[in-house]
Each structure stands twice: as C-alpha cells, then as structure tokens.
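Subject: Structure handover

Hello,

Please find the structure below, followed by notes on what was found in it.

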Amino acid sequence: MAEKIKAIELAKKQREISISEFFTKNRHLLGFDNPRKALLTTVKEAVDNSLDACEEMNVLPEVIVKIEQTSEERFRISVEDNGPGIVKQQIPNIFAKLLYGSKFHSLKQSRGQQGIGISASVMYSQLTTGKPTKIISKISPKKPANYYELHIDTKKNEPEIVIDKEMDWNKDHGTKIELELEGIYQKGKQGVEEYLKQTAIINPHLHLIYYSPENTKIEYPRAVDSLPVEPKEIKPHPYGVELGMLINMMKESKSRNISSFLSTDFSRVSPNLAKELCNKAGISDKTHPSKVSREEADKLIKVIRETKIISPPTNCLSPIGEELMLKGLKKEINADFYAAVTRPPSVYRGNPFLVEAAIAYGGDLPKEDLVRVLRFANRVPLLYQQSACASTRSIIQTSWNNYGLSQSKGALPSGPVLILVHVASVWVPFTSESKEAIAHYPEIIKEMKLALQECGRKVSSYIRKTVKAREQKEKISLFEKYIPELAAALSDLSDEKKSVIEEDLKKILKRGMKNLLAEIAETKEEE
Amino acid sequence: MPEEDSKNSLKKFGKKIVEQTKKGKNPEIKLPLRNLSNIIYDKKSRTLTLGNKEGTRNFFNVAHAKKFLQTIEVASLIKKELLNTGKHEHLRGVFYMTKRTIPGTNVNIVDEQVESDKAIEDLEVITGLSREQLHVSANKMGSMVGNIIIKDAGDTIDCSKLGRGGYSIPSITDELSFSKVNADYILYMEKAAIFERLNEDKFWRKNNCILVTSQGQTTRGIRRLLQRLYEEKKLPIYVMTDFDAWGFYIYSVIKYGSIALAHASEKLTIPGVKFLGITADDIEKYDLKKHLIKLNDQDIKRIKQVVDYDWFKDNKDWQRQLKMMKQMNAKAEIQALSSKGISFISEEYLPEKIKKKDFLD
C-alpha cells in the first residue's frame, strides 16, 4: 500500500520540464554562464550564422555588428548581413524555437552544429529583459523585407509572434537580428573585440564593421575576394557511429533491408561489405532496418569496429589554406615573420578532420610574455577554456626550445610569438556543448603537433637568420669603435701618423664589410 | 741605455703591424701558443720550454679584436709612460693605466687585471724582452732571512738583522748583488706562517741556512733570486710545501718552470732543487693522520692534471706520492706538524730530514 501511495505522490510531481526551466538550469552548457559571456555568445552565434548563410549562397560576407548600452546592465545587439535572407515561414522557427536547424543532422563542416545557438540567445534576451527579438530579412530585391518581433513560448518551445509585417529595407538581400539582453561588456582577451578580430583573421574573405558601445567604428577589411571552397556534405562513416545513433538511423531509414541501409546511409560501405557486416553480426541481410533489435544493433557496432573499412572521403573539408591564413594574419597582426601550414586530412572516430597552424614572430608582439594562442574550430574563434583545449596541450607538448624559443617544462613557450591552430571537421569534438575547447583525441593532437613542428622549423630558421644578421651588424659597429683606439696606440708605438693608420684600417673594414653585408642581404632574401 | 733596446723592439713590433695595414691586410700578430698543448718538457735540461705551435691573432676577427687591441694598447703605454720616462710600474698599475671605456661603447679595454697581465706576457714572447726589461714589476710577495748581505739599489742590507719580517724581496731581482753569503743551504717554503715560526726560533742561525718564502705561487722575482743564489753561490735549495697537488706543482714550477712562463724558463728554472716535504711518507712517519683534510672535487681534479704532466709522468717517486694521496683521499698542510709541539718542525722534523737527506727529486 505504502508504495502505491508513494508512486501517486511522485506522479503528481512528474510533469514536463519546460524548455525555459531547462535552459535556466543548464545555461552554462550553452555559453550563458555569466553576463559577460552571454553578450559574447550572442554576438558569436549571430555572426556565425551570418557567415554560414553567406557562404552557403556564395555571397562575399559583409557583416555589421553594433552594440549599444541601453542601461547599466543592458545592451542592444544587432547583427546585419548581406546573406541570402530567410523565407518568411522559416523566420519564426529559426529564431524562436530551440533545437531547430538544418545542421544537426548533416555531416558537413560548418560553424554551427547543434542548431541551438541563436534561439538560445533569443531565449536569454527574453528571460533577462522580457523584450522581443526583432528580425528583418529580405530574400530578393524584387520582394519587400519581412519584419518580425518574436518571443519564445517557453512551455511549448514554439515561436510566439508579436509583430509580423512587411517593410522596405534598403538592401538587396540579407538578414538583421536585433535583441536586448542583460550583459557586461568586456574588453581584452575574452571580449567581443578580440572575438571579431580573430574572426577577421580566420575569415579573410569577410568584411566586418563594428560599432562598439563607446560608439567607435572599427573596420576589418576584406583581404581576399574569393569565398572558401564550399564543403561537401558526407554521410557518416561507420567508425563514428554509436549505438543510439545507429538505432535512430535505422528507425528513420527508407531502406527496405539492413544491408541496403548500411550501404546507402553510410560512407565507404559497399553492398558487399554491408553483407559481410550482417553475416559477421549474425543478422540476416534481408531484415528490415526497423526490425533490428537492440542486441543485434549492439553486435553490429562491435563487428564494425573490428572490420577494416577505408577512411571517409575528405573532400568534405574546406581548409583555409596557407596563403589565406597568412593574409588574414598579416592584415590584423603586425609581425616580422609569418608562416602557415595546412596538414592533409586525417580521421578520428570515422570523422574526417584537418589541422592548420600558423605562427607570427616579432613586430608588435610582446617580447617577454607567453606566446599568444589563437584557437579556431571550423573558422570560429575559441576564447574560453584555453587550458582545457587540445590545441593548447599540443603547443605545450611541442619542444619549442629546439626552434629557438624559450619554454619552461609543462608551459607555453614565451617570446614575441603568436600561434594559430585551426581544426576543420565535419564534427569537431568539443569538451562541452558551449564549444569552447577541443577534446583531446590522440589523432587530433598528433596532427596538431605535426603542424606546429613544421611552423616551428620555419620560424626557427628565421630566428637564426635574424640573430645572425644582428650579430653581423654588431660586429661592424664594434670594429668601427675599435679602429680609432687601435690607430692611436699603433701611432704611439710606431711613430707613424695616426690619421693614415686609421684610414687604412677603415678601408680594410669597408672591403671586409661587403662580405658581411652580403651575408645580411642574403639572409633577408631567403625570408 | 737598456731602455732604448726595449723601446726599439716595441717600435719594430708596431711598425710591422702598420706595414700590414698599409698593404690593406687584416692586421695580425703571430705568437707561440702558451698553453699545455705547446709546452715541451725537455728531459735533458729538465725544463719546460715553449714549442713551435703558433697562433694568429687578427684585428678584424670578433673573437680576437679585443685581445689584439689590448696587446697594442699595453705596448704603446709601456713605451710612452714607462720606457720613455725611465719609470717602473706594477702589474696592477699597468692594469689601471689600460683600464678605460672605449668612447661610444660600454666596452672597457680591460676589465680584469689578468687581461693586462696576459698582454704583458704576450709582449715578452713577441719581443723577446722580459717583463723587467719592459719596466713592469709584480707585487712583492716574499721574504728572506739568513746570513746574507745584499746590495739593492745602492743600499746594503744584512738579512740577519731584519727582525721578524725579514728582507722584502723586490719583484725584480736581476740587479741585486750578493756581498757576503754564509750559509749551507736555502730552505724555501710555501707558507709565510712557517717562515715566521722558523724565524722566531732562529732556525737559520742554528742551522746556518737562508729562509725564503712567498705566499702561494712563487713570484718571478723570487725564482730569479733563488736561481741566482743556486748558480752563483752554489747553494742547495730545499722546498717545503703542503701535501697536496697544488703544493707539488709549486715545487715543479721552481724546478722545471711553468706553463705560463715557459718562454722565460731559462732565467727562472732550477733543475737541482730538492723537495723536502711534506711527503706521504712523512704523514706515516710523523703520525699526522689525525690532521689530514679530506680531498675536495677540485683537489681530485688537480691531481688528475698533475699526474699527467710530462714532467711528473716519468717520475716514479712523484707518481707514487700522488697515488698515495689519492688512496688516503686526503691532503695536509705544513702547519699540521705543529700538532707535535710548537717547535717540532724546527727542532726535530727539519734537522732530521736534512741530516738524512730525506728528499724527493
């Protein structure tokens, strides 16, 4: 009896958890831990969306970010792009429904992954200010723009339309989002400005204009007029699949039997291989995918892991490329030397990925500090959790002492250096949903280290040469200072004229200097 | 005028370099290497001499430029300030004459006295002149007492009437003359403290000898003085040092010459000199074991070097001494003898050793 009553009591408490409650309790997972981060995350999500949209439609992105302070703790953020725009019916869903998006189900290198970003910002704005989010979007110069003011129905996770109207917008196509939220505007390493600067570095095709809360205009000009190669969408590779995902895929599959499911829904699985997998797992290859039991699916996964399957195609990746990385760095960072490396694609857990690294040395970079690290995943700057990131670990594990930089054990190297690490993948493994640090997969760390070592070799030969050149110059000036002294002493000793001896010595130095200067010039040319 | 010869030698040296600059050549100084690799131990004459290995020092070479400048600068200062005026200066004084900052740099021509000292040694080798001929003297570091009357710069000095301090040996002893010498031998010791002990005990009077000391390494002036007394007055010389590799080396310098001054061996070495103590056997015989000092890393390193010097290598007695030192893993100071009583050294140890001719060669 007692138990029954308990169950009834419990049943009274058991109800659907509203999406807003979930969000409030788990905001840290999504990058809204504190007002500082909330502001940055919102800018980040909006800019990421703009860039993805522009690139998908082959438009050179032009993005305008504006932040205004409306009260002590409130800011109005607007992000405007020249992207393709969004069709009217989709606008409410995209901005005011959590977990709605096209990206989660596809394996394609893109900035956003979960489809949670921008709607989470809308939710946060609503929770902290109660104000609706304003959207203008226009898809063609021939059509008027659509203007929306949106709330999220936090119980149902559905859009709540406050205003829906057509309006004129002096733009051919594009989207603008404006929302107000509680936040703190921060300068420095984890601030909006740094994020935008890094975004400009890693996206040299982007033209970005930023109006800060102090109402200063900062412009990040475009460095190249070509868009990155559009990454191709690929099917998942069997090595990357987990049980739950496999069961879901089987449920949703349109294939009529398990063997054709395997060969059509996965990459690198031929009909023959599909049959072999079924046989090994003891499943009849004629079984309908939805009839495969959990135990059988489990067995299938085991078999997949034990079977040799060729790596997934890697044309799905779009690297920035060495040349563009250099262009991006050069326009934003003033240094004396730059080098960049793009590694060939590799695979972790069935997911293709590739690593790129670049290094800048000298110039305005502070000489005594630890090196500055810029981390990127799919062209998105990562500003938080530097120490938890695989890129940081890879930098620490590389012996920079060999490359002419000083480095204490277990620490980042120090010197006038900036190191950039970029991971491009159809699925970048992050340590958490807030996408701040890349997880420590050995395959990824290995590639990172190879890229860093190559950068190290390049910078070390530069360092050696500049040191050599400086030494040569010092040599010459040293001799210039010694000559009058030697001439005076020799004159006293030999009773010859000092001026004659001095002139002779200068001539000898001048003749010898040609060799020294030639060496310096040679060094410069090789750079 | 002896100064004229020195001046001319230096001038010749300077002219040679100026000729090179006139021809547009990178000025160079050739000089014999003064390190162990170029030291030859002549077994016949039992002296260290300089070999034929030459080094070249170029002005337009970053590694040599400063040394080159130092050598020329010191040469010109010696010529101008000392030889032209007929004055003498100490090594320390030459250092201060040379020490100044080169205009427009933070480089000093010399930073340490060793640098100007080396430059002077270089000049000796280059010109064949001795330091004395260059009018450079060293610090007075030694004393002498005994039945000997000398003439020094016109003054007559009776070394038996100089109280506890004795005669302060000048750094240049070439011009001394010996008016009267009444002694059977010379006892030279490394430690001034022992010298004072023996002088207080009037050891020299009782044993009819001359006592000479210097603090640590034997200066050139003392070596020259000892050599002259050995050769001119046929006085045997017995050397007393601490029982350690440094002490043994002090003895070898007096006997065979030194690496740094191998170019001047002829005027300094005394092949007939004998080593009196302290030996490993003395430690056994006089029961000094309680007063031994454990060898430190530098002592051990020094033993290794000394064992391998050519002038120790073929000498069984010395190899045995060094081997025993290593086995004991200990050294001993002369003063350890005082543990047997304050005048043990003057009343028992020395008379017995000398009577029995208990020496090492």
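Contact here means heavy atoms within 4.5 Å. This is a predicted model, in which local features need pLDDT of at least 70 and side-chain atom pairs count only at pLDDT 80 or more, while totals for chains, interfaces and linings use all residues. Residues are numbered from 1 along each chain as its sequence is written, chains are lettered from A and ligands numbered from 1 in the order in which they are written, and side-chain values use heavy atoms, with hydrogens and water left out.

Chain A

Chain A contains 14 helices and 16 strands; helices (H or I, at least four residues) and strands (E, at least two) are DSSP runs numbered from the N terminus. Of its 527 residues, 52% are buried, where buried means under 20% relative accessible area, exposed over 50% and partly exposed in between (1.4 Å probe, protein chains only). The accessible surface of chain A is about 25,300 Å², and carbon and sulfur atoms hold 49% of that; areas come from the Shrake-Rupley method with a 1.4 Å probe, and for residues only the protein chains shown count as cover. Among contacts in chain A with a separation of 6 or more, 71% are between residues 24 or more positions apart.

A:Ser78 sits in strand 2 (residues 74–81) of chain A and is buried at 9% relative accessibility. Not counting residues up to four places away in sequence, A:Ser78 touches A:Ile64, A:Val65 and A:Lys66, as well as A:Lys176, A:Ile177 and A:Glu178.

A:Asp285 belongs to the loop between helix 9 (271–281) and helix 10 (294–306) of chain A. With a relative accessible area of 17%, A:Asp285 is also buried. With residues up to four places away in sequence not counted, A:Asp285 touches A:Asn257, A:Ile258, A:Ser259, A:Lys275 and A:Cys278. A:Cys278 is itself buried, at a relative accessible area of 0%.

Chain B

For chain B the count is 13 helices and 17 strands, and 55% of its 361 residues are buried. Chain B exposes about 16,500 Å², with 47% supplied by carbon and sulfur atoms. Of the contacts in chain B between residues at least 6 apart in sequence, 72% join residues at least 24 apart.

Helix 2 (residues 65–83) of chain B has 19 residues and reaches 26 Å from its first C-alpha to its last, close to the 27 Å expected at 1.5 Å a residue; the expected span is 1.5 Å times one less than the number of residues. Helix 2 of chain B is largely enclosed by the rest of the structure, because 15 of its 19 residues are buried.

The axes of helix 8 (residues 245–256) and helix 10 (residues 297–308) of chain B come within 9 Å and cross at roughly 35°. Axes are lines fitted to C-alpha atoms, for helices over the stretch in contact, and angles run from 0 to 180 degrees between N-to-C directions. Helix 8 of chain B contributes B:Ala245, B:Trp246 and B:Tyr249 to the contact, and helix 10 of chain B contributes B:Gln298, B:Asp299, B:Arg302, B:Ile303 and B:Val306.

B:Glu89 is in strand 5 (residues 89–90) of chain B and is partly exposed, at 26% relative accessibility. Leaving aside neighbours within four places in sequence, B:Glu89 is in contact with residues including B:Leu82, B:His135 and B:Val136.

Regards
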